[in-house]
Amino acid sequence: MHYTTTLDGCTPGTTGTVRAVAGDSAVAQRLLALGLVADTPFRVVRFAPLGDPIEIDVLGTRISLRAAEAALVHITLDAAL
Amino acid sequence: MNAPAVPTFALIGNPNVGKSTLFNSLTGLNVRTGNYPGVTIDITVGTWTIGGHPVQILDLPGTYSLAPQSPDEQVVYDLLAATLPAAPALTGIIAVVDAGNLQRNLYLVSQLLELHRPVIIALNQIDQAVRRGIAIDLSTLSQQLGVPVVPMQAHRGIGRDALATAARQIIAAPHAPPEPVLAWPEAVADALTARLAADQRLTRSAAIRAIVDHDKPAALLPDGTTSFAALEAGVRYGWARALLSHTVSQAAHVDTTRDRWDALFTHPVWGSLTFIAVMLLVFQALYTGAAPLMEWIDGGVGAFGQWIGGLLPDGMLRSLVVDGIIGGVGSVVIFLPQIMLLFACIAILEDCGYMARSAFLMDRIFSRVGLSGKSFIPLLSSYACAIPGVMATRTIEHRRDRLATIAVAPLMSCSARLPVYVLFIGAFIPAHTVWGVFNQQGLLLAALYSVGLFVAIPVVWLLKRTSLCGATPPFVMELPAYKWPAPRVVLARVLDRARDFLAQAGTIICAISIVIWALAYFPHSPAITKEFDSQRVRTLDANFPPEQFALIDRLEAAALLEDSYLGRMGHWIAPAVEPLGWDWRIGMATIASFPAREVIVAVLGTTFQVGSDADEHSASLIDHLRAATWPDGTPLFTIPTALSIMIFFALCCQCAATLVAIRRETQSWNWALFTFGYMTALAYLAALLTYQIGSRI
């Protein structure tokens, strides 16, 4: 059974695995090229002080993306936090 | 397509892998900017000398994927795929790869290997990778990829020789690398085979692009895949993972240093404070570093002008050379230390990684306006000088955002406006204390500095809804590891900019200075000079003190200026500026300061018979301004008039050097003319409103 949550709902410290990136907009293509493909682990590092953007750790790279962009990324969370 | 007379390599890689450092290390200062039609971004071309023979290197913009998403990226792709007519044929491709981030970097490499062109992998930042516990089996990696893999530390120059050897081998015996075997699903693999069979000259890369562009890729997707892009990404990363499982091992390692810095820089309170501290440091460096140099240049230009003036006979030629050319160009060149220093600071902040954090901090605010956090540093820099600010917009990937930022950068009150503010506030605004604590003069200065910012917001909003409208661009940005900025790279970039700036100053600005000089000099009516000469004779006869001659000189200069074409223009536009509370003299001085706003002080000095070397602190200029009247005797410089002048200068783009920089960054005059036009209109309106409302209060 698929548990689809999206990345924008996660709090700092959350870890999980990417399932898919919705659509093929420019944002989606950029996220895919950066490594947010299926079965890739990620970790949410922090939010910016004003709440947006979000910083995540993927394949050893720190990436900043806005909440609206993070909403395109479908994920599975690791063990309940 | 041209066969290369000189072997040519393209340098390409992800952002933040040390590509510029490598390029700089190979080519030194031996660079120029390549001009390919259709490209708005810079492609720097440099010469690398291998064993006495020159090799051309094209520094392509950093990218994560070759799939073109913009016209600029399309041109880069065409250049690599050798379908760009104007570009030289490539002997090979040097892929700069970050050894510490191999998996992500291999995505681009897998695409490069499909271009049917020789590839060398420059495995950079190998020391960082080793420090993080990453062990790479170089020979197996090279063997599996089928291309040379050269470990490098570009910032120390390590690995250059091995790279040169690999390049030489390719020049001598070019051969295309084996294509990576990607696990495409059957439908896609069949479509690819069909296309490749139909056209023998097609590269695998072109075949994939053709499927994306022409076939119906959705029909080829297996169930559950959301898009072809997702499929391609999955397939390529799968290949990279498999490759790395044989060749790379990573010891568990936690990088705490960068997390500590990040915690500081992105903390709500400490991050903002640090940011303010950094900015204050930059502005302080500008003040202490640039100011003495600027004085030195000012003195030098003045001395040079005097020396040349001594060589030439009195008359038009001397005035042209000394006042027109040397004075005009000098007034722009004097800003060179400030521009270079500011640009060095920006380059250092960008290289060390801090710039990305500041964009991360500010993005929320900027996205409300329609821009992104990346516009922050360019706009902030424009508070010192818009020229480096406009140049700094190169870090803004998205073209529409970059144009919008460039359009409002001159609204940020730059340091050249300060003399105008100082003069008029000092002369006409009384130093009252407001609300017990604040000085009225200081408050007004702060207000003038903020006006540009507040006006910029609706301007950006409007632009993004009209000529620059379009989908909100993605703000997906890498936050690179911190690193010490390489001094040579920073120096090379600063010198490159300075050279550009001086070239522009020497040509366009020189031309504009001559035009303004001519307007202010001609017709230089002999009748006027004769009249003043007879006054001098009378003075001599009557034995008046020597100061009298100085006074006659100033009166003559003022009379000649009023009679000149510039003066006549002042009279001609007088009806248009009267609603602003200005008379013809203020109008004329404003026209004269369109190329460089600080000129107004000198022109006012001449007009009001104080002498053209008056500056904003000169007491006699202030006295004369206070005493100036309209023909009917009422004071000319009332507070509303002074305010309307200041607000006009706050909002108007009176800087030819900035317009030239805009033209250079946007590769056409259109945007520069647009910026000049809308700012002049805004300035006029604001001055009008200020005077009309102010004089009724």
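This is a predicted model: local features need pLDDT of at least 70, side-chain atom pairs count only at pLDDT 80 or more; totals for chains, interfaces and linings use all residues.
With which side chain does the side chain of B:Ser25 make a polar contact?

The partner is B:Arg160, whose side chain makes a polar contact of 3.0 Å with that of B:Ser25. B:Ser25 sits in helix H1 of chain B, which covers residues 19–27. Its relative accessibility is 10%, and because buried means under 20%, B:Ser25 counts as buried. Leaving aside residues up to four places away in sequence, B:Ser25 touches B:Ala154, B:Arg160 and B:Arg488.

The largest nonpolar core has 124 residues, and the members that touch the most others are B:Leu411, B:Phe424 and B:Phe637. The greatest contribution to this core comes from helix H14 of chain B, residues 336–352, which gives 10 residues. Apart from this core lies another, of 54 residues, including B:Ala99, B:Ile134, B:Ile136 and B:Leu192. As for B:Phe424, its contacts beyond four places in sequence are B:Ile429, B:Leu604, B:Phe637, B:Ala642, B:Ile645 and B:Met646.

Next, I consider helix H30 of chain B, residues 669–694. Its 26 residues should span 38 Å at 1.5 Å a residue, and the C-alpha atoms at its ends lie 37 Å apart, which agrees. Several residues of H30(B) are buried, among them B:Trp671, B:Thr675, B:Tyr678, B:Ala683 and B:Tyr691.

Finally, chain A. This chain contains two helices and six strands, and along the sequence they follow the pattern β-β-α-β-β-β-α-β. For 81 residues, a compact globule would have a radius of gyration near 12 Å; the value for chain A is 11 Å, which agrees. The C-alpha trace of chain A spans about 30 × 30 × 20 Å along its principal axes. Of the 81 residues in chain A, 49% are buried. Among contacts in chain A with a separation of 6 or more, 59% join residues 24 or more positions apart. Chain A exposes about 3200 Å², of which carbon and sulfur atoms supply 57%.

Terms used
Residues are numbered from 1 along each chain as its sequence is written. Chains are lettered from A and ligands numbered from 1 in the order in which they are written. Side-chain values use heavy atoms; hydrogens and water are left out. A nonpolar core is a set of buried Ala, Val, Leu, Ile, Met, Phe, Trp, Tyr and Cys residues joined through side-chain atoms within 4.5 Å. Buried means under 20% relative accessible area, exposed over 50%, partly exposed in between (1.4 Å probe, protein chains only). Helices (H or I, at least four residues) and strands (E, at least two) are DSSP runs, numbered from the N terminus. Contact means heavy atoms within 4.5 Å. The expected span of a helix is 1.5 Å times one less than its number of residues. The radius of gyration is taken over C-alpha atoms; the globule rule is 2.2 Å times the number of residues to the power 0.38. Accessible areas come from the Shrake-Rupley method with a 1.4 Å probe; for residues, only the protein chains shown count as cover. A polar contact is a pair of N or O atoms within 3.5 Å; within protein, one must be able to donate a hydrogen and the other to accept it, and residues adjacent in sequence count only if both atoms are side-chain atoms.
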